[in-house]
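Q: I'm new to this one. Can you walk me through a helix and its neighbours?
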Amino acid sequence: MQKKIIICGLADIQNCVDKYNPDKMLTIINKNFEPETPLGMDKNKHLKMLIDDISEPRDGFILPEKHHAQELLDFTDDWDKTKPILIHCHMGISRSTATSLGVAGKFAPENIELIIENLKDIAPHASPNKIMMKYYDEILDLNNRLYGSVPYFNPEPIEESRIVELNF
């Protein structure tokens with residue numbers, strides 16, 4: 001069965017819930033932009049992870065830590081894979097793409113290189129958060145297959161978020 005991850009930015013979450021009817025939703029965003037659970041989405045199936053898009057400590061910012069990555073992955077344990085999962089951050093560029101690859105690595109580790117290549121093709125703006133990629137790699141025991149791919153992403157700048165359908 002093919003699985004689907006919808007990746008988007010904050011501006012597109014209601015449209016994505018309306019269009020895709022996801023089983024679960026992961027919000028990975030800084031606390032200043034924390035959204036309400038969109039209409040039509042069960043609050044119990046929506047995890048909000050309030051962390052900043054940084055890969056090293058900075059005063060006044062919340063650095064992603066390994067326990068954050070673990071909690072995001074654990075939330076997908078009972079994902080009904082007949083429906084998509086929606087993963088978003090502020091712009092759908094860094095935290096959400098890293099988490100999408102982490103989720104894909106959890107459910108299809110044997111195909112992670114193909115999934116990475118696919119994401120690079122369908123989301124040329126993707127720039128996965130490197131510390132999150134490192135944590136997902138460690139948690140899933142992927143032997144540097146996620147973190148090692150970070151230098152191969154060459155993100156194009158975008159003015160507004162885009163909706164990406166990652167099928168695997």
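Q: Which residues of α3 are buried?
A: This is a predicted model. In it, the buried residues of α3 are R95, S96, T97, A98, T99, S100, L101, G102, V103, A104 and G105.

Q: What does that say about how α3 sits in the structure?
A: Buried residues make up 11 of its 13, so α3 is largely enclosed by the rest of the structure.

Q: Where does α3 run, and how far does it reach?
A: It covers residues 95–107. From first C-alpha to last it reaches 19 Å, close to the expected 18 Å.

Q: OK, neighbours. How do α3 and α4 pack?
A: Helix α4 is residues 112–122. The angle with α3 is about 150°, and the axes are 10 Å apart. Angles over 145 degrees count as roughly antiparallel, so that is how α3 and α4 lie to each other. Their crossing is right-handed.

Q: Which residues meet there?
A: From α3, T97, L101, A104 and G105. From α4, I112, I115, I116 and L119. By class, that contact has 6 nonpolar, 2 polar and no charged residues.

Q: Why might contact residues sit three or four places apart?
A: An α-helix has 3.6 residues a turn, so residues at that spacing point the same way.

Q: Switching to α2. At what angle does it pack on α3?
A: About 55°, with the axes 10 Å apart. That makes α2 oblique to α3. This crossing is right-handed.

Q: And which residues touch?
A: L72, L73 and D74 in α2 meet T99, G102, V103 and K106 in α3. The contact has 3 nonpolar, 2 polar and 2 charged residues.

How values were computed
Residues are numbered from 1 along each chain as its sequence is written. This is a predicted model: local features need pLDDT of at least 70, side-chain atom pairs count only at pLDDT 80 or more; totals for chains, interfaces and linings use all residues. Side-chain values use heavy atoms; hydrogens and water are left out. Helices (H or I, at least four residues) and strands (E, at least two) are DSSP runs, numbered from the N terminus. The expected span of a helix is 1.5 Å times one less than its number of residues. Buried means under 20% relative accessible area, exposed over 50%, partly exposed in between (1.4 Å probe, protein chains only). Axes are lines fitted to C-alpha atoms, for helices over the stretch in contact, and angles run from 0 to 180 degrees between N-to-C directions. Angles under 35 degrees count as roughly parallel, over 145 as roughly antiparallel, 65 to 115 as roughly perpendicular and the rest as oblique. A crossing is left-handed if the near helix is turned anticlockwise from the far one by less than a right angle, and right-handed if clockwise. Contact means heavy atoms within 4.5 Å. Ala, Val, Leu, Ile, Met, Phe, Trp, Tyr, Cys and Pro count as nonpolar, Asp, Glu, Lys and Arg as charged, and the others, Gly among them, as polar.
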